[in-house]
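Please look over the sequence and the structure shown below before reading on. The briefing that follows groups its points by topic, so that each part can be checked against the picture.

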Protein chains: 2
Amino acid sequence: MENYLRTLPLFTTLGETCAWIDIACGLKQRYKKFLICGLGGSILTTKALLDMTFSRDRGPMNCAILDSIDPFTLYRLQQQDLSDTGIVFISKSGTTSEILCQVQALQPKEATVITENKDSPLFTIAKKNGWTFIPHPHDIGGRFSAFTAVGCLPCALMDLNAQDFIAGAKMAIKDYDPSESEALFDAYRSGRTIHVLWGYSDYLDGLLAWCCQLIAESLGKKDANQQSFGFQPIVNRGTLDQHSQLQLYLDGPHKYIFTLLRVNCDTIPLSSRSNIVSDSSMALYQNHTSNDFLNAHFENTKLVLKEAGHHVREIVLPNLSENAFGFVMMRFILETLSLASLAKINPFDQPAVELSKRFMERFL
Amino acid sequence: MENYLRTLPLFTTLGETCAWIDIACGLKQRYKKFLICGLGGSILTTKALLDMTFSRDRGPMNCAILDSIDPFTLYRLQQQDLSDTGIVFISKSGTTSEILCQVQALQPKEATVITENKDSPLFTIAKKNGWTFIPHPHDIGGRFSAFTAVGCLPCALMDLNAQDFIAGAKMAIKDYDPSESEALFDAYRSGRTIHVLWGYSDYLDGLLAWCCQLIAESLGKKDANQQSFGFQPIVNRGTLDQHSQLQLYLDGPHKYIFTLLRVNCDTIPLSSRSNIVSDSSMALYQNHTSNDFLNAHFENTKLVLKEAGHHVREIVLPNLSENAFGFVMMRFILETLSLASLAKINPFDQPAVELSKRFMERFL
């Protein structure tokens, strides 16, 4: 890891603040279900982990996400009895307009709030109403907060292992190789300014949405000379998007970086049902598992994208686990910080968004 | 509508082939649940309509989608009792490798198949096993098949009104104004080659994924002089993506076209719960509905994107209905065909995908 990175609170406090452990235990005793409310970096770690849980035998956890102020969504929530649902509001600044809208719509008697320990509407409401309060670190921004209470409290509420999640992140720091970031920077300089994150799994959508936010908001910036930088990130799911986007990638006018991700599925027992459906054309399908086919599609896509002149790399997750997700997320954080350093931009601010937010109330 | 379009089967047969009506009735008497299996254009209309149904009081229909060969997904399906589930396989060619994988994994005793009336593995299997067969029109490709049995059978199985869906499409043909396509073509020529479809609603993801496929696969082409054309489509959801992508759009290096979509929510009863949560900072939220805020965000985003020099337009859906979805989908079809005509490319083929598919089996 580059030296200046070692001093960032994001790394120096990794796995140290654990106020969420006891609170998660208490909440799990009181509530059967949870509703986690947040926007952007405050909710995308939860979404990543929640999407992962859908792969498991026992199915998705009793945990839902509220990341919008859609009137239909809020209306339906208002019709529900939420007395056995633990509600968690997450907003670093405590001023996020959507979160305050959600508070107004849901009017919970009790709730848990993760926000900075400073005066703000959300902080004041939490204190006034005796809600549970967990401090959001001042010096770690929303999109870098995966391994603080912002990611770890929901992780624990979903019955996932937050320590494994953090351990994965620590492993990624040890393993980090900056040469890949340099290759991405070179690819950018040669005009490959669109970065497609293509997951060959049904359970990576949330993870890749998290990566998308990290890449877009950290790197979409002007440098000191007012030169614009930034990758346009895109999330794809394979093989589905072979039938949607591949034609454009092969014959269209853009130059791309592709990060193809797949999950090692060797541990999955691929039982074959008795062959009710028989036809000579099915021999190929009787002799191979769906995993064989998925991998063949993956390798074929990788090859044709390379042949089309794009910058292609792959990431293999050993499994769909907290540890593997923590590893990949920290890997993307390190890569993003390295790219910011190469491009001489500040990855930690979002000046254009802050500026545009201020004017929203004009339209009320 | 331009004259040559009037002769396309997509338009001349609109709403005429109705084999699916009686079959849908029969299936609904036999089964409680449905699993619709398809890839690309064969499944995205179903996904669009299914996502819409989540907005309704009675919640999502007993209808699920299988659009992958993920081993975890197939394994979990294999563990389930599917005897009360009507399975529908959709593949125009009848050779889609993923669909045959799914047939092999699920081994259903009965199923319904939508495929071309010609020799193919899926056609043969359907005939041999006495499955219900609905012919897929030869002369309407997958991504233009929304208003045939491909879209209308699942629509009817979800208890939605397929006639309203088709009526919306017919209205869009009457209303069609080619000047917008010309504006998009001019925007493309001035370097705006990324088209962001940004839905300010939780229920448009499927619709916009459908648009994405239509745009990418129809227009991502080389013309007769081997010049590449194509828009990179991207789906966003607001306000969530204000916290993820807006920084990049305002300070980054790319030039964009934005289509911002919103749904008129005036009919939604926005009940206010009693104000348990009170604080002076909440006055703004007590005096406005979530819809007021959503619209303020929408208008603000529209303004800041325009000020940043992007090409911005808006589409307002009168409601979340079959009719409104049919209208928007046909509007995008007409626009896509006009753009293909302006760029002198063939919107109906996908030569690069067809070529790349052939090599997949090398990797088995």
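## Briefing on a predicted model

**Thr85(B) and its surroundings**

- Thr85(B) counts as buried, because its relative accessibility is 8%, and the cut-off for buried is under 20%.
- When its neighbours within four places in sequence are left aside, Thr85(B) is in contact with Tyr31(B), Lys33(B), Phe34(B) and Leu35(B).

**Helix 6 of chain B**

- Helix 6 of chain B covers residues 121-128, and its buried residues are Pro121(B), Leu122(B), Phe123(B), Ile125(B) and Ala126(B).
- These buried residues of helix 6 pack against strand 3 (85-90), helix 5 (97-106), strand 4 (112-115) and strand 5 (132-135) of chain B.
- Just after helix 6 of chain B comes Gly130(B), which takes a positive phi of about 70°.

**A loop residue of chain B**

- Ser280(B) has its place in the loop between strand 10 (256-263) and helix 12 (283-286) of chain B.
- With a relative accessible area of 68%, Ser280(B) is exposed, since the cut-off for exposed is over 50%.
- Ser280(B) and Asn264(B) are 16 residues apart in sequence, while their C-alpha atoms are 30 Å apart in space.

**How the two chains are related**

- Chain B is superposed on chain A by a rotation of 180° with 0.0 Å of shift along its axis, and the RMSD is 0.0 Å.
- The two copies are therefore related as by a two-fold rotation axis.
- In chain B, the C-alpha nearest the axis belongs to Ile234(B) and lies 3.5 Å from it.

**Where the two chains meet**

- The contact takes 120 residues from chain B and 119 residues from chain A.
- Of the interface residues of chain B, 99% are also interface residues in chain A, so the copies meet through the same surface.
- About 10,400 Å² of area is buried between chain B and chain A, and carbon and sulfur atoms give 60% of that area.
- Between chain B and chain A the count is 41 residue pairs in polar contact, with both residues at pLDDT 80 or more.
- On the side of chain B that touches chain A, helix 13 (residues 290-307) of chain B gives the most, with 11 residues.
- Sorted by class, that side of chain B has 57 nonpolar, 42 polar and 21 charged residues.

**Salt bridges between the chains**

- Side chains of opposite charge can pair when their charged atoms come close.
- The count between chain B and chain A is 2 salt bridges.
- A salt bridge joins Arg237(A) to Asp67(B), and the closest N and O atoms of this pair are 3.9 Å apart.

**Salt bridges within chain A**

- Over all chains, the count comes to 36 salt bridges.
- Lys28(A) and Asp159(A) meet through their side chains in a salt bridge, with 2.9 Å from N to O.
- This pair links distant parts of the chain, 131 residues apart, with Lys28(A) in helix 3 (residues 19-30) of chain A and Asp159(A) in the loop between helix 8 (149-157) and helix 9 (162-175) of chain A.
- Lys28(A) is partly exposed, with a relative accessible area of 35%, and Asp159(A) also counts as partly exposed, at 45% relative accessibility.
- Glu299(A) forms a salt bridge with Lys302(A), in which the closest N and O atoms are 3.0 Å apart.
- Both Glu299(A) and Lys302(A) lie in helix 14 (residues 290-307) of chain A, 3 residues apart, which is about one turn of the helix.
- Glu299(A) is partly exposed, with a relative accessible area of 23%, whereas Lys302(A) counts as buried at 13% relative accessibility.
- Glu354(A) forms a salt bridge with Lys357(A), the closest N and O atoms being 3.9 Å apart.
- Glu354(A) and Lys357(A) both lie in helix 16 (residues 351-357) of chain A, 3 residues apart, or about one turn of the helix.
- Glu354(A) counts as partly exposed at 36% relative accessibility, and Lys357(A) is partly exposed with a relative accessible area of 42%.

**A network of salt bridges**

- Asp67(A), Asp202(B), Asp205(B) and Arg237(B) are joined into one network by salt bridges that share partners.

Methods:
Residues numbered from 1 in each chain as written. Chains lettered and ligands numbered in written order. Heavy atoms only, no water. Helix = DSSP H or I, 4+ residues; strand = E, 2+ residues; numbered from the N terminus. Buried < 20%, exposed > 50% of the residue type's maximum accessible area, 1.4 Å probe, protein only. Contact = heavy atoms within 4.5 Å. Least-squares fit on C-alpha atoms with pLDDT ≥ 70 in both. Buried area = accessible area lost by both parts, 1.4 Å probe. Salt bridge = Lys/Arg side-chain N within 4 Å of Asp/Glu carboxyl O. Polar contact = N/O pair within 3.5 Å; in protein donor to acceptor, adjacent residues only side chain to side chain. Nonpolar A, V, L, I, M, F, W, Y, C, P; charged D, E, K, R; others polar.
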